[in-house]
Amino acid sequence: MNSNQLPQTRRTILKKGILATATAAIGVPLTTGLASAEACCKTCWVDVKPDSCPNSINPKNNGVVSVAVGWPNLKMNTIRLVPSAGNPDIQFTGCQDYLNPDWKDVSCEDIDQLLSESDGREASAIRMTREDLNGDGDNETVLKFNTRDLELRSDDEYLVLEAETGSGCRLLGIDSVRVVGKSNNRN
């Protein structure tokens, strides 16, 4: 499988079945839009707490966490941030920096592996703006998440972003996180 293809997950298989049923009912060929949506996965840089490294977060904080994303056009209702304890097979270390991002060695498959190991905790963005953060003339996306919605635990090492682009591609990104203070750890 190349880095631009999604793995066959239960969700993608169910989506295909629903799409096939719906398109058959109205007489639209099944291939309309399916190939591009299923085969399109992109990675980009994600900078949790821009201008901060390490990205320390206290899970009991009542504030918000800012996340900068190197993509200008995301669909708000598809954005989710997923905490992850990590995986030793994935070689991602350090903090992302929107002024000098380094994400190209992390593939959709690597990030999907972290997502497949998630325990259901996720947070939706509460605000989204677009602005040119790094002065390159292109807009990036800045997201805000309620800190408590992240449900961080002391063993979490990453925050994984999953969203859909305006063109319908799946977008994935990752940054490190350091949990400080008392966490929501159930162990």
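To which residue does a disulfide join Cys 40?

Modeller: The model is a predicted one, and the description below should be read with that in mind. A disulfide joins Cys 40 to Cys 169, with an S to S distance of 1.6 Å. The two cysteines belong to distant parts of the chain, 129 residues apart. Cys 40 sits in the loop between α2 (34-39) and β1 (41-43), whereas Cys 169 sits in the loop between β9 and β10. The torsion about the S-S bond is 85°, and the link of Cys 40 and Cys 169 is right-handed.

A disulfide is a covalent bond between the sulfur atoms of two cysteines. A search of the whole structure finds 3 disulfides, and the remaining ones may now be taken in turn.

Cys 41 is joined by a disulfide to Cys 108, with 2.1 Å from S to S. Here the torsion about the S-S bond is about -100°, so the disulfide of Cys 41 and Cys 108 is left-handed. Cys 41 lies in strand β1 and Cys 108 in helix α3, and this pair links distant parts of the chain, 67 residues apart. Cys 41 and Cys 108 are both buried.

Another disulfide joins Cys 53 to Cys 95, with an S to S distance of 2.3 Å. Its torsion of 90° about the S-S bond makes the link of Cys 53 and Cys 95 right-handed. Both of these cysteines are in loops: Cys 53 in the one between β2 (46-48) and β3 (56-57), Cys 95 in the one between β5 and α3. They are 42 residues apart, and the pair links distant parts of the chain. Cys 53 counts as exposed because its relative accessibility is 58%, and exposed means over 50%. Cys 95 has a relative accessibility of 23% and therefore counts as partly exposed.

The arrangement of the links can be stated briefly. When the bonded cysteines of the chain are numbered in sequence order, the pairing is 1-6, 2-5, 3-4. Cys 44 is in no disulfide, and the nearest cysteine sulfur, that of Cys 108, is 9.9 Å away. A pair of cysteine sulfur atoms must lie within 2.5 Å to count as a disulfide. Cys 44 is itself buried, with a relative accessible area of 3%.

The charged side chains also join separate parts of the chain. The structure holds 8 salt bridges. One of them is formed by the side chains of Arg 80 and Glu 122, at 2.5 Å from N to O. Arg 80 is in strand β5 (residues 80-84) and Glu 122 is in the loop between α3 (108-116) and β6 (123-124), so that the pair links distant parts of the chain, 42 residues apart. Arg 80 counts as buried because its relative accessibility is 17%, while Glu 122, at 36%, counts as partly exposed.

Arg 80 also forms a salt bridge with Glu 162, in which the closest N and O atoms are 2.5 Å apart. This pair links strand β5, where Arg 80 lies, with strand β9 (residues 158-164), where Glu 162 lies; the two residues are 82 residues apart. Glu 162 is buried, with a relative accessible area of 5%.

A further salt bridge is that of Asp 112 with Arg 170, whose closest N and O atoms are 2.4 Å apart. Asp 112 lies in helix α3 and Arg 170 in strand β10 (residues 170-176), so this pair ties together parts that are 58 residues apart in sequence. Asp 112 and Arg 170 are both buried. Arg 80, Asp 112, Glu 122, Glu 162 and Arg 170 are linked in a network of salt bridges.

Glu 131, Asp 132, Asp 136 and Asp 138 form a negative surface patch. Asp 138, one of these residues, is found in the loop between β7 (127-131) and β8 (140-146). With a relative accessible area of 47%, Asp 138 is partly exposed.

How values were computed: Residues numbered from 1 in each chain as written. Predicted model: local features only at pLDDT ≥ 70, side-chain atom pairs only at ≥ 80, totals over all residues. Heavy atoms only, no water. Patch = residues over 30% accessible without salt bridge, like charges linked within 9 Å, V, L, I, M, F, W, Y side chains within 5 Å. Areas by Shrake-Rupley, 256 points an atom, 1.4 Å probe, with all protein chains shown as cover. Salt bridge = Lys/Arg side-chain N within 4 Å of Asp/Glu carboxyl O. Lys, Arg positive; Asp, Glu negative; His and termini not counted. Charge placed at Lys NZ, Arg CZ, Asp CG, Glu CD. Helix = DSSP H or I, 4+ residues; strand = E, 2+ residues; numbered from the N terminus. Buried < 20%, exposed > 50% of the residue type's maximum accessible area, 1.4 Å probe, protein only.
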